[in-house]
Amino acid sequence: MDGNSPIGVGVLGYAGIARAHLQAILRLPTVVSVPRRPIVVAVAGRSEAAASATAQMFGAQAVYTEWRRLVDDPRVEILINTAPNDLHADPCVAAAARHIHILCEKPLARSAPEAAQMLAAVAGANIVHMTGYNYRFVPAVRLARRFIDEGRLGRIYHFRARFCDESMIDAGTPYAWRHNRHRAGSGSIGDLAAHAVDMARYLVGEIDAVSAATRIFIDRRPRPDGGEGTVDVEDAVEAVVEFTNGALGTLEGSTFCAGRKNLFTFEVNGAGGSLAFNLERLNELQVSLRGDGIEGFRSILVTDPQHPYGGLWWPPGHILGWEHAFVHQLHRFLTAIVEGGVVAPEGATFEDGYRCAVVCDALYQAGREGRRVKVVIE
């Protein structure tokens, strides 16, 4: 099939991260030749009015308030699941049974056992599956992976990452599903630190053991409809991680960092040099390579033709934004569908989502019990 052959996409969700995926669907064919042209055939969400407004904005042909109707729609060949965490497993398992390709937002599930069920569902379905770790598709991150794959950092000694914002620092911020362990699975671990865990695995390798401390800073919040809700998920996590290859690392996730809006940074230190990245300057990669005659770090503006995705968008020096990673991610997903392949290693599969969930569960256990926990992949 050529790029003019449409493929129907159903999106579960209509706000927040769903908008980034919907924009990517519209934007992709205007940027690069696509293996099949994605079209939004349906949007589903609990509010019919809000879902209808989103459907109209993005040209969806149908609106549903029940996810089962979305999955049962014969026009849906791809499910993009951006629902709250407690609605990741059931819709994805149902979609897999109908041989629908699935892109599910992170964290893949509320727990490792739930993620394992989702992995088992897609494993026997002959479908393409992806977990939405979109930061893998930032050009500077891809360049960092290239440097590491080429051996330019040599043996890796350290990895450190932090993901921080101020989204929960106001005690008046209303109680929502993210504050409920049954619905969310975890707090800052699954919401923020999961990105750091995936980046650690993507750049350095598997994690063997973790130690962690967690805190709930505000344990009660006002409910939108009156009264208070009890917060039973962590507001912050600080962790030490041990990699299978011998490297050491630290991870931090917190929603209580005043002044921080969406800070995601990482640094990798190896025998041959170091790399550093800051999402707030996402077009730049800081590089220090021993023996290149430059003392300290230099900044590479990752916009030239030889860089990842270079020449796809604009001339050199014309920077990209957060939303472009979703376009790159969707392109990889569609390519895998048409070619009958997998999204790895560029993208995160459900296997990656499951392995990340195992680490997140270990972080939660380590923080709760105050001890070192081995990461065990079943």
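Predicted model: local features only at pLDDT ≥ 70, side-chain atom pairs only at ≥ 80, totals over all residues.
Ground rules. Residues are numbered from 1 along each chain as its sequence is written, and side-chain values use heavy atoms, with hydrogens and water left out. Local features need pLDDT of at least 70, side-chain atom pairs count only at pLDDT 80 or more, and totals for chains, interfaces and linings use all residues.

Rings first. Phe, Tyr and Trp rings (for Trp, the six-membered one) pair if their centres lie within 6.5 Å; planes under 30 degrees apart are stacked, over 60 edge-to-face, the rest tilted. That rule gives nine aromatic pairs. One of them joins tryptophan 313 and tryptophan 314: tilted, 6.0 Å between centres, 55° between planes. How accessible are these two? Buried means under 20% relative accessible area, exposed over 50%, partly exposed in between, with a 1.4 Å probe and protein chains only. Tryptophan 313 is buried at 9%. Tryptophan 314 is partly exposed at 40%.

Next, tryptophan 322 and phenylalanine 326. Their ring planes stand at 65°, with centres 4.8 Å apart, so this pair is edge-to-face. Tryptophan 322 is partly exposed at 33%; phenylalanine 326 is buried at 1%.

Elsewhere, ring pairs link Phe159, Phe243, Phe266 and Phe277 into a cluster.

Now leucine 312. Where is leucine 312 found? In the loop between strand 16 (298–301) and helix 9 (324–339). Helices (H or I, at least four residues) and strands (E, at least two) are DSSP runs, numbered from the N terminus. Leucine 312 is partly exposed, at 27%. Setting aside residues up to four places away in sequence, leucine 312 touches Val31, Val32 and His328; contact means heavy atoms within 4.5 Å.
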